[in-house]
There are 2 protein chains.
Amino acid sequence: MKKTETRIQKKNHSAIKAAGLKVFAQFGFRGSTLDQIAAESGLSKPNILYYFSSKETIYEALLAQLLTDWLQPVRDIDPAGDPVEEILKYAKHKLKMSRLYPRESRLYANEIIQGAPRIKSVLTGELRDVVATLAQLIKNWSEAGLIRVIDPYHLIFSIWAMTQHYADFDVQVQAVLGDGDHFDDAEQYLEDMLRRMLTV
Amino acid sequence: MKKTETRIQKKNHSAIKAAGLKVFAQFGFRGSTLDQIAAESGLSKPNILYYFSSKETIYEALLAQLLTDWLQPVRDIDPAGDPVEEILKYAKHKLKMSRLYPRESRLYANEIIQGAPRIKSVLTGELRDVVATLAQLIKNWSEAGLIRVIDPYHLIFSIWAMTQHYADFDVQVQAVLGDGDHFDDAEQYLEDMLRRMLTV
DNA sequence: AATTAATTTGACCAACTGGTAAAACTAACG
DNA sequence: CGTTAGTTTTACCAGTTGGTCAAATTAATT
């Protein structure tokens with residue numbers, strides 16, 4: 001398929017995506033301009049359109065990458081593992097993602113807040129299925145007496161909400177707690193919360 | 001001050017703010033246009049600029065209103081009340097806000113995600129102070145043995161994250177759970193979680 | 001070195017952007 | 001009813017937007 005990629009293509013594709021991520025994550029799709037992405041990437045505007053046929057193509061490429069990166073760890077949850085530790089592992093992974101890739105989180109947040117016009121089909125398709133599978137697994141664990149009886153869906157939402165909060169609302173967190181990295185404290189709180197919620 | 005407001009002024013001011021809320025909440029400040037707000041409000045573009053001197057003025061009016069509405073319930077928490085019930089009351093109030101005014105929540109989310117360029121001073125000022133006061137109160141409750149020892153700041157963040165999640169990520173929630181109102185389940189989950197976290 | 005393929009640029013465009021100015025219209029009030 | 005204050009519209013503008021095109025430049029291949 002895309003075996004034939006020049007070193008220049010490789011470099012510029014990733015330069016454009018990096019710039020696009022930065023800009024789109026901050027301003028959303030409609031609030032971002034090709035000129036900004038051009039300036040950020042160091043390429044000229046027509047040059048960008050030589051590699052991506054439109055502004056939307058860049059945006060969609062970023063979203064597609066993001067979705068696969070985010071769904072995989074859900075699939076990696078081991079039904080045979082220790083329930084509490086598996087859920088904790090996933091939650092911590094999600095939090096680490098927020099710490100290391102806050103812009104990806106913000107890009108996604110922007111898209112969802114705006115009604116997910118470009119990925120709604122993924123949400124009601126792939127995402128829905130993956131979450132349904134996980135929810136069923138959690139329910140089984142509950143019924144087997146391995147964890148407390150709990151609404152699996154809202155448990156998942158609470159993990160997503162709390163982990164992404166530290167990326168998406170970073171400015172607010174910094175304003176309240178002062179500048180610095182608060183992810184270690186957040187992780188401790190999250191672990192405490194999940195253990196309390198899951199253990200019988 | 002603004003005692004002298006015609007009935008027409010009153011009507012149009014609120015029509016513009018309603019339209020602006022709808023548009024800004026979906027597209028963020030930069031992604032929104034006066035033409036959209038004009039179309040949504042049923043007024044002409046120059047007519048809008050007769051009531052608000054610029055696009056930014058509308059946006060700022062909305063944000064200002066929002067911030068006072070959001071900070072008040074934090075101040076209303078009663079230090080003399082029952083700690084668990086006071087925190088629960090606040091959390092439920094916040095969740096109800098998400099249910100009734102999801103667009104306000106999205107407007108705020110957009111602003112924060114984009115780095116809060118227009119309200120950073122409020123965050124590091126009023127918001128920070130109000131939260132610090134609440135955090136101190138929670139700490140006192142902890143030390144008095146009325147609630148479990150807990151990081152007050154991350155407790156507050158978790159309440160914000162979870163309640164706002166149901167407004168800001170509504171599309172995702174609907175995609176996963178199916179269309180309908182899921183706030184009752186969310187409230188139950190939230191109450192369960194907070195009781196578990198707060199009771200000794 | 002010559003030829004071809006890949007890359008970059010500059011000039012350009014039509015649609016849209018926030019905002020203005022003045023004229024036309026409507027409501028309020030004595 | 002006439003006058004004034006308040007409101008709305010029409011026409012407009014300069015800057016920005018996503019995107020095009022052909023020419024110029026550079027890299028790869030023979």
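I started with the centres of domain 1 and domain 2 of chain A: taken over C-alpha atoms, they are 28 Å apart. The bounds, 1-53 and 62-198, come from an automatic or database domain assignment. This is a predicted model, where local features need pLDDT of at least 70, side-chain atom pairs count only at pLDDT 80 or more, and totals for chains, interfaces and linings use all residues. Residues are numbered from 1 along each chain as its sequence is written, chains are lettered from A and ligands numbered from 1 in the order written, and side-chain values use heavy atoms, with hydrogens and water left out.

Next I checked the domain interface. I get about 810 Å² buried between the two domains of chain A, 67% of it from carbon and sulfur atoms (accessible area, 1.4 Å probe, lost on putting the two parts together, summed over both). A:Leu21, A:Ala25 and A:Phe29 supply 59% of what domain 1 buries there, more than any other three residues. I found 0 salt bridges across it (side-chain nitrogen of Lys or Arg within 4 Å of a carboxyl oxygen of Asp or Glu).

Then DNA strand C. I count 19 residues around it (a heavy atom within 4 Å), and A:Gln9, A:Asn12, A:Tyr51, B:Leu34 and B:Lys55 come nearest. B:Lys45 goes to a base instead, with a side-chain N or O atom 2.9 Å from a base nitrogen.

Methods. A polar contact is a pair of N or O atoms within 3.5 Å; within protein, one must be able to donate a hydrogen and the other to accept it, and residues adjacent in sequence count only if both atoms are side-chain atoms.
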